[in-house]
Amino acid sequence: MGDKGQLHVSTELAGVLGRIDALGAMLDDRADAAEELGRLPEDTARALLDTGIVRAELPLSLGGYEFAPRQLIETAERASYHDASAGWTMFALQMMTGTTAAYLAGDAVAELFPDVPNGKYALLSGHGTRPGRAVPVPGGYRVSGQWQFASGMAHATHIHSAIQVEGTGELRVLAMPKSQVTLDGNWDVLGLRATHSVDYHCTDAYVPHEYTYVATTDTPVNGGAVYRLGLVNMSAIGHTGWALGVGRRLLDELKRVAAARTGARGAAVDTSQFHAEYATAEAGLRAARAWVHDVWRDVEHALDQGEVPSTEQDTLIRLALNHATSTVSEVGRTVHRWSGSAAIRRGPVDRFLRDLGTGTQHITSSPVVLQNCGKWLSGAQPDARWSFLDLT
């Protein structure tokens, strides 16, 4: 079974971040081409994978780096700063690959993760909030279903999908070869175009039982304390880092726009109103980032003590993500208002604003999740517990 002891804090963070930063110019140069393709070019994806960004969430016992939560947040933040679609793609692959490695056992893990240090491991993409149907048969399940938003699917070797077992109603997550599903190729959107977040489906595909695990598990088979977070909290890590990275890049882009225009006749960026609104956006983003790290510092302490997050900690994880996303959405409005034509012509401001508009629609940052956080924090449902994104 997984290590129930102290939280592992990796010494590899600086190296991974440095390698990601070294790709910044390339990601900028190839962003338009990636949007046209609807996915990252293969050499771009491979360069990002070679930074160790997915290995960062693989268990130490399998040869991964097994980053702590705040290290994972910073990794997603840094990649997303350079390219929002690339950051989204990588944190999706990171989360689904890492949790699969942690929660599967035996022969399944040996097949999918044979030599992590040398880059020989599966990459998983898929979707977990709309379960398919799993009919029990000897040795496994016959699975049928339709799933959406498989970010990073272009680079995946295997599928990560939620399934509901017929007869018992049990929710499980599967890992199966990508060849067993049909990709619908329907990712035609305004933002996050380069994430290849296609829908996919299968009918009566056989999946061995050992290639599935209970969706609500917080007990890793491989790896240590970080995997006691469970799927939803692990997902929140990537989305939180993504929002913070996108917000930082947008403010930095607005600063560049202002520097280029200041002193020009009638320049809006020379007004006191611009300076006040920039300062307000900067304060909001920095405050949101500080609170994210405060929430996760507390969670890390619990994990380090051998515990799982409390209901309050689960609530604050969701609320910190929601708050970071809404704060960055406000940052985006400020950037759009003051960047003028840079917000409408092809370039980083336009691209990041479009990506932000799509990313903020994710279910993890929905108004319903915010309402559920309020129900618990206000005392309206003091005995309730979180089941995925629902308070029950």
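Let me start with helix 7, residues 230-261, and helix 10, residues 348-359, which pack at an angle of about 150 degrees with their axes 10 Å apart. This is a predicted model, so please hear every value as computed from it. Angles over 145 degrees count as roughly antiparallel, and helix 7 and helix 10 are therefore roughly antiparallel to each other. Their crossing is left-handed.

Which residues make the contact between helix 7 and helix 10? On the helix 7 side they are Trp-242, Val-246, Arg-249, Leu-250 and Glu-253. On the helix 10 side they are Pro-348, Val-349, Phe-352, Leu-353, Asp-355, Leu-356 and Gly-359. By class, that gives eight nonpolar, one polar and three charged residues.

Helix 10 has another partner to look at. Helix 2, residues 24-37, packs with helix 10 at about 55 degrees, and the axes are 11 Å apart. At that angle the two are oblique to each other, and this crossing is also left-handed. Asp-28, Ala-31, Asp-32 and Glu-35 of helix 2 meet Arg-351, Arg-354 and Asp-355 of helix 10. The class count for this contact is one nonpolar, no polar and six charged. Note that Asp-355 is listed in the contact with helix 7 and again in the contact with helix 2.

Ser-80 sits in helix 4, residues 69-82. Is Ser-80 buried or exposed? Its relative accessibility is 0%, so Ser-80 counts as buried. Leaving out residues up to four places away in sequence, Ser-80 touches Gly-87, Trp-88, Trp-242, Gly-245, Val-246 and Phe-352.

Now the annotation. The unreviewed UniProt entry places "domain: Acyl-CoA dehydrogenase C-terminal" at residues 238-365. In the model, that stretch is 76% helix and 0% strand, and its end C-alpha atoms are 12 Å apart.

Glu-300 is in helix 8, residues 272-304, and is buried, with a relative accessible area of 9%. What does Glu-300 touch, not counting residues up to four places away in sequence? The list is Leu-7, Ala-68, Pro-69 and Arg-70.

Asn-322 is in helix 9, residues 311-338. With a relative accessible area of 7%, Asn-322 is buried too. Beyond its neighbours within four places in sequence, Asn-322 is in contact with Ser-365, Ser-366, Val-369 and Leu-370. Asn-322 and Ala-259 are 63 residues apart in sequence, and their C-alpha atoms are 32 Å apart in space.

Last, two backbone points. Most residues other than glycine have a negative phi. Leu-192 has a positive phi, near 55 degrees. Leu-192 lies in the loop between strand 5, residues 182-183, and strand 6, residues 198-208, and is buried at 2% relative accessible area. Phe-388 is not a glycine either, and has a positive phi of about 55 degrees. Where is Phe-388? It lies in the loop between strand 8, residues 386-387, and strand 9, residues 390-391. Phe-388 is partly exposed, with a relative accessible area of 27%, whereas Leu-192 is buried.

How values were computed
Residues are numbered from 1 along each chain as its sequence is written. This is a predicted model: local features need pLDDT of at least 70, side-chain atom pairs count only at pLDDT 80 or more; totals for chains, interfaces and linings use all residues. Side-chain values use heavy atoms; hydrogens and water are left out. Helices (H or I, at least four residues) and strands (E, at least two) are DSSP runs, numbered from the N terminus. Buried means under 20% relative accessible area, exposed over 50%, partly exposed in between (1.4 Å probe, protein chains only). Contact means heavy atoms within 4.5 Å. UniProt positions are given in the numbering used here, feature names are shortened, and annotations may be inferred rather than shown by experiment. Axes are lines fitted to C-alpha atoms, for helices over the stretch in contact, and angles run from 0 to 180 degrees between N-to-C directions. Angles under 35 degrees count as roughly parallel, over 145 as roughly antiparallel, 65 to 115 as roughly perpendicular and the rest as oblique. A crossing is left-handed if the near helix is turned anticlockwise from the far one by less than a right angle, and right-handed if clockwise. Ala, Val, Leu, Ile, Met, Phe, Trp, Tyr, Cys and Pro count as nonpolar, Asp, Glu, Lys and Arg as charged, and the others, Gly among them, as polar.
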